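Hi,

Here's the structure I promised to pass on. Have a look, and my notes follow below.

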Amino acid sequence: MKKAAGFVIFRRLCGEIQYLLLKASYGSFHWSSPKGHVDPGEDDFTTALRETKEEAGYDENDLLIYKDTPLTLNYVVQGKPKIVIYWLAELRNPCQEPILSEEHTDLKWLPKEEAKQCVGFKDNQVMIDKFHQMILDQDKPN
């Protein structure tokens, strides 16, 4: 069973919530949030931090992480089951651009509906919807 972890990163720019998507430089050149495989002896959250630093250049100080509400995706890649755990994270400085690794060729900041179209996978789209609702719920006055 392959396991991976990452962050769904968003920023607020001009009153709009935008999600960061990275374009893979391999395989089907798919778009996704920063994520990567959990190394032996590493916990999921540590993996998410490490991979986000490697793939987007952001570390824990750059992000406001929603630690208590991870979402898990279960899907099949080339016939093998895979689990990916994502945490929602807000970029503290919306003007801080990502620094890409060789694993990705491009990046986009997209509003929710466009981000969902870009990722394409149904479970990934559902996850974006759920995380978006969390942001809206948190923004509501108590």
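This is a predicted model: local features need pLDDT of at least 70, side-chain atom pairs count only at pLDDT 80 or more; totals for chains, interfaces and linings use all residues.

Lys 108 sits over the face of Trp 31, 4.6 Å from the ring centre (the criterion: NZ of Lys or CZ of Arg within 6 Å of the ring centre and within 35 degrees of the ring normal).

Residues are numbered from 1 along each chain as its sequence is written, and side-chain values use heavy atoms, leaving out hydrogens and water.

There are five aromatic pairs in the structure (Phe, Tyr or six-membered Trp rings with centres within 6.5 Å; planes under 30 degrees apart are stacked, over 60 edge-to-face, the rest tilted). One of them, Phe 7 with Trp 87, is edge-to-face, at 6.4 Å centre to centre and 65 degrees between the planes. Phe 7 is in strand 1 and Trp 87 in strand 6, so this pair ties together parts 80 residues apart in sequence (helices are DSSP runs of H or I, at least four residues, and strands E, at least two, numbered from the N terminus). Both residues are buried (under 20% relative accessible area, with exposed over 50% and partly exposed in between; 1.4 Å probe, protein chains only). Ring pairs also link Phe 7, Phe 45 and Trp 87 into a cluster.

On helix 3, the buried residues are Asn 124, Gln 125, Met 127, Ile 128, Phe 131, His 132 and Ile 135. Down the helix axis they fall within an arc of 155 degrees (taken from directions from the axis to the C-beta atoms), so they line one face of helix 3.

Cheers
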